[in-house]
Amino acid sequence: MVEELDDMERRRLFSRPEIDEIVRRRRDFEYRLKRPRPIRQDFLDYVDYESKVDHLRLLRKRVLAAELRRNNKRWKRSLSDFAGVKRIVDIYRLATIKFKGDMDLWFRYLEFCRWKRHGTMRKVLAKAIRYHPKVPGLWIYAAAWEFDCNLNVTSARSLMQSGLRACPNSEDLWVEYLRMELTYLNKLKARKAALGEDSGKENKTVEMDENAKQWKEDNIDLFMPLSEKENVEGFDPQEQNAGKKTDAFQERSSRVFQTIYRGAVEAIPSSMNLCKRFVEILDDVELSHSDKLREEIMEDIRNRFSQEEDYWDWLAKLQIRNCKMDKELTREEILGMLLKAVQVYEEALEILPSAKMFSVYAKFLMDTIFPEDDDIQSSIFMNIKDDSLEFSSHMMELYQKAESSGCINEDLAYHYVSFLVRMDRQDEASKLSEKLCNGELSDSAKMWVLRISIEMKCMTNKSVALGKNDLQSIFDLLGHALTRIDIPEAECLWLMGVKFFSNKKKFFEKLVSSFIMVLARAPLSDSGHSISSAIVNCIMQRDGIAGAREMYKRFLALPRPSLAFYKHCIDLERNLAFIGDNDSLMNARKLFESVLSIYNQHGGLWQDYHSMEVKVGSSETTNAVYWRARKTLGDASWLSALRSS
């Protein structure tokens, strides 16, 4: 790098002390890359540093070039103008050799070459595809670069087709291939219009004024080589239909769409999502005979997916798609679209009367009757709020039909009970939730949460201050629910109980004792850590750190304490240690020693321990933690992290 550095000093881009610092930093980075096991971050740090140096060089070059222009001189390119980019490319090359399977690294490399317009872009793309031919994103990236940057549609099309042969089951590849072909035809059409060519005369002489020439210069990407026109099979600018001139580009676009659609559904016949994406594209572009083409595609989708609930749900929501796109629809138009969607759901129930079908229908009705504030449809459906009650009858009939068909599931039951609650029919909701929780949905945590919340709301509506009997009733109901459900599924129930009884000390202690007994029998080491943390937090707010410390020690005394709970306790003590509490510092150290006796190979724990000692410990304790971590881990990556902290 001597010639490069001499050139930068000679051209006053960097001073001698700055060049000495650059050499020192580069030497450090090179040593890190030459060690036995370099890590990915070493390469990225090196790239980041060189990028900053090159950016600073570029800023100073602009200042010096401006001074030269004022003296009627020009800045002549030299070695330093391209050495920085070449060095970064070499670092990326070494990184991808070392970490061939790291796709993020490959894309960083490609983005840098594209951004700097480096001449090795095509070679890097070829190498990446050779190593990872089954990654669709690489084929899409390569084709997009050829299409957008090189304006070479032939190479882009060839790459897309090669990608489809290598990854025939990639939905993204099929969709992007279609988008590319349609975009290309649109560009040809735009070029034709800009050049003033008549559809029936190919060799017409065009005289453009200054404005037209300026437009052409501003939109140079539209003007592909004329030879590309010959690559479009079947292109005929003089096509006629029934004696009338037609748009040859729209005709060709329709044929392209049909061809790619058939190839896609043949390659991935089971993907309904792919068909949905093709329909969305079809609705967004202008093609000849698009209505007929859409009918054919919709009929094909129906024949292949009519026995799937997702198809009917998508088809029904397709009826209200205009509601989201056009916000100036009248109330009658919106109601008409909603009724069409309801008709689709009713037809679906005739063909496919499954529990999932009832559930998705119920969700649609709930979103229509009670649109949420964050729902994309809320601003539209608020316009028909006065008319939405007529959909309530559909909800009632739907539940009755599902009950008679034996298709009651958790989602449908939850939606229906929530519907009764929001309609202020609390008694009916309470009786129905009780019936379901004592019947076929007795093991549903979601239904138990809903039932207990209804009971809590009913009692608080009767009296602001709950009596002992009311509290005991809720506690017994909660206990009955918890005996039926395991901890992983009942987490929401426990958290509800902890929050509700946090200020009722007697019931809270009973709940904690019950939880400790259940946790002691839990087969998994991380079961209930969020509940334990919630209990400790409640006691911390109520009784302070002394009570919280006593409680978390009870949890840690149980068999198999979880790492997540250890971290929560450490955070409590460490936060107090940071503000000068020596007792908390001692307890945090004890917790670290305790957890490291179980999880001694967890590098993050050593790093947190070391970070705490750096901030509030002494140099002796900090070094002791570092050398213990080095002896235990023996991993260069964690040691470098410890050094940086």
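The legends below accompany an overview and several close-up views of a predicted model.

In this predicted model, local features need pLDDT of at least 70 and side-chain atom pairs count only at pLDDT 80 or more, whereas totals for chains, interfaces and linings use all residues. Residues are numbered from 1 along each chain as its sequence is written, and side-chain values use heavy atoms, with hydrogens and water left out.

Overview. The secondary structure comes to 32 helices and two strands, where helices (H or I, at least four residues) and strands (E, at least two) are DSSP runs numbered from the N terminus. Of the 645 residues, 45% count as buried; buried means under 20% relative accessible area, exposed means over 50%, and partly exposed lies in between (1.4 Å probe, protein chains only). The protein exposes about 34800 Å², of which carbon and sulfur atoms supply 50%; these accessible areas come from the Shrake-Rupley method with a 1.4 Å probe, and for residues only the protein chains shown count as cover. Among the contacts (heavy atoms within 4.5 Å) with a separation of 6 or more, 62% are accounted for by residues 24 or more positions apart.

**View 1. Packing of helix 20 against helix 22.** The axes of helix 20 (residues 410-422) and helix 22 (residues 445-462) come within 10 Å and cross at roughly 15°; axes are lines fitted to C-alpha atoms, for helices over the stretch in contact, and angles run from 0 to 180 degrees between N-to-C directions. That angle makes helix 20 roughly parallel to helix 22, since angles under 35 degrees count as roughly parallel, over 145 as roughly antiparallel, 65 to 115 as roughly perpendicular and the rest as oblique. The crossing of helix 20 and helix 22 is left-handed, a term used if the near helix is turned anticlockwise from the far one by less than a right angle, with right-handed used if clockwise. Helix 20 contributes Glu 410, Asp 411, Ala 413, Tyr 414, Val 417, Ser 418 and Val 421 to the contact, and helix 22 contributes Ala 445, Lys 446, Met 447, Leu 450, Ile 454 and Lys 457. By class, this contact has eight nonpolar, one polar and four charged residues, where Ala, Val, Leu, Ile, Met, Phe, Trp, Tyr, Cys and Pro count as nonpolar, Asp, Glu, Lys and Arg as charged, and the others, Gly among them, as polar.

View 2. Leaving aside neighbours within four places in sequence, His 415 is in contact with Ser 359, Ala 362, Lys 363, Met 366 and Met 395. Phi of Asp 424 is near 60°, a positive value in a residue other than glycine.

View 3. Tyr 345 lies in helix 16 and counts as buried at 0% relative accessibility, while Asp 313, found in helix 14 (residues 309-318), counts as buried at 14%. With neighbours within four places in sequence left aside, Tyr 345 is in contact with Trp 312, Asp 313, Ala 316, Lys 317, Met 357, Val 360, Tyr 361 and Phe 364, and Asp 313 is in contact with Tyr 345 and Val 360. The C-alpha atoms of Tyr 345 and Ala 316, 29 residues apart along the chain, are separated by 6.5 Å; those of Asp 313 and Phe 364, 51 residues apart along the chain, are separated by 8.7 Å.

**View 4. Ser 354 in the loop between helix 16 and helix 17.** This loop joins helix 16 (331-351) and helix 17 (355-369), and Ser 354, at 18% relative accessibility, counts as buried.

**View 5. Packing of helix 7 against helix 9.** Helix 7 (residues 136-148) and helix 9 (residues 171-195) pack at an angle of about 10°, with their axes 10 Å apart, which makes helix 7 roughly parallel to helix 9. Pro 136, Trp 139, Ile 140 and Phe 147 in helix 7 meet Asp 172, Leu 173, Glu 176, Met 180, Thr 183, Tyr 184 and Lys 187 in helix 9. The contact of helix 7 with helix 9 has seven nonpolar, one polar and three charged residues.
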